[in-house]
Amino acid sequence: MVARVVDLRSDTVTKPNEAMRSAMAVADVDDDVLGFDPTAQKLEMEVASIMHKDAALFVPSGTMANLISVMVHCEVRGSEVILGDNSHIHVYENGGISTIGGIHAKTLPNNVDGTMDIEKIVKAIRGTDGELYYPTTRLICLENTHANCGGRCLSVEYIDKVGAVAKEYGIKLHIDGARIFNASVALGVPVHRLVQEADSVSVCLSKGLGAPVGSVIVGSKDFITKAKRLRKTLGGGMRQVGVLCAAAYV
């Protein structure tokens with residue numbers, strides 16, 4: 001009898017396959033902080049292309065990806081972000097948006113399907129007309145799939161509605177897409193369509209995709225320029241990072 005163990009602690013305990021290990025061993029690398037690592041550039045271009053966004057940036061973790069994204073959109077200290085009370089950013093990321101970013105979280109109840117009611121989002125938005133008393137809303141965050149709601153997938157119709165609200169009120173939309181490829185497969189919707197209305201998306205490579213380390217942020221060129229600066233500030237500039245990106249590319 002050959003015993004096989006299936007590890008169900010988390011989808012974060014995936015291990016690189018032989019193709020990934022081989023790619024890491026022969027990866028073409030250079031200094032990514034200086035902007036010259038060819039394997040990192042290849043991965044970033046691929047993810048940006050898949051997402052139909054202008055640019056991308058490799059970062060060590062999903063937590064850093066979300067923190068950087070929120071901080072770029074909320075450059076003014078004391079800005080407010082609307083997000084679910086059961087979201088990963090709010091529950092599991094050490095309160096980084098407040099302790100490091102100086103950003104105020106306005107939490108709304110997550111429904112069992114991972115959504116927040118559209119009317120509650122609209123009601124929660126606070127503009128600059130009340131800035132003498134209240135933080136100004138500059139960002140909405142969604143999570144797809146929604147981990148704490150049983151891995152539920154947010155539909156493209158719902159995301160479009162939230163995106164329309166964001167545009168109407170002149171604020172940004174970030175999607176924590178740690179498992180966005182899982183949502184794409186489950187819904188039968190191309191991944192770029194799921195993030196069409198988003199100004200930025202974080203994509204985890206070390207969960208369902210099976211790479212050993214890393215996440216990628218996508219957005220506009222201006223967004224990624226600011227994100228790269230913050231990555232360095234937070235200690236995420238890792239020099240010859242192509243060794244890791246090679247596995248993620250596979």
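Student: What should I know before I start reading?

Tutor: The model is predicted, so local features need pLDDT of at least 70 and side-chain atom pairs count only at pLDDT 80 or more, while totals for chains, interfaces and linings use all residues. Residues are numbered from 1 along each chain as its sequence is written, and side-chain values use heavy atoms, with hydrogens and water left out.

Student: How many helices and strands does the protein chain have?

Tutor: Helices (H or I, at least four residues) and strands (E, at least two) are DSSP runs, numbered from the N terminus. The protein chain has 11 helices and 7 strands. Its radius of gyration, taken over C-alpha atoms, is 18 Å, close to the 18 Å that the globule rule gives for 250 residues, so the chain is as compact as a globular protein of that length; that rule is 2.2 Å times the number of residues to the power 0.38.

Student: How do I describe two packed helices?

Tutor: Two numbers do it: the angle between their axes and the distance between the axes. Axes are lines fitted to C-alpha atoms, for helices over the stretch in contact, and angles run from 0 to 180 degrees between N-to-C directions. Take helix 1 (residues 18-25) and helix 11 (residues 242-249): they pack at about 150 degrees, with axes 8 Å apart. That makes helix 1 roughly antiparallel to helix 11 (angles under 35 degrees count as roughly parallel, over 145 as roughly antiparallel, 65 to 115 as roughly perpendicular and the rest as oblique).

Student: Which residues make that contact?

Tutor: Contact means heavy atoms within 4.5 Å. Helix 1 brings Met20, Ala23 and Met24, and helix 11 brings Val243, Leu244, Ala246 and Ala247. By class, that contact has 7 nonpolar, no polar and no charged residues (Ala, Val, Leu, Ile, Met, Phe, Trp, Tyr, Cys and Pro count as nonpolar, Asp, Glu, Lys and Arg as charged, and the others, Gly among them, as polar).

Student: At what angle do helix 2 and helix 11 cross?

Tutor: Roughly 35 degrees, and the axes of helix 2 (residues 38-51) and helix 11 come within 8 Å. Thr39, Ala40, Lys42, Leu43 and Glu46 in helix 2 meet Gly242, Cys245, Ala246, Ala248 and Tyr249 in helix 11. The classes here are 6 nonpolar, 2 polar and 2 charged residues.

Student: And how do helix 3 and helix 10 pack?

Tutor: Helix 3 (residues 62-73) and helix 10 (residues 221-233) pack at about 120 degrees, with their axes 9 Å apart. That makes helix 3 oblique to helix 10.
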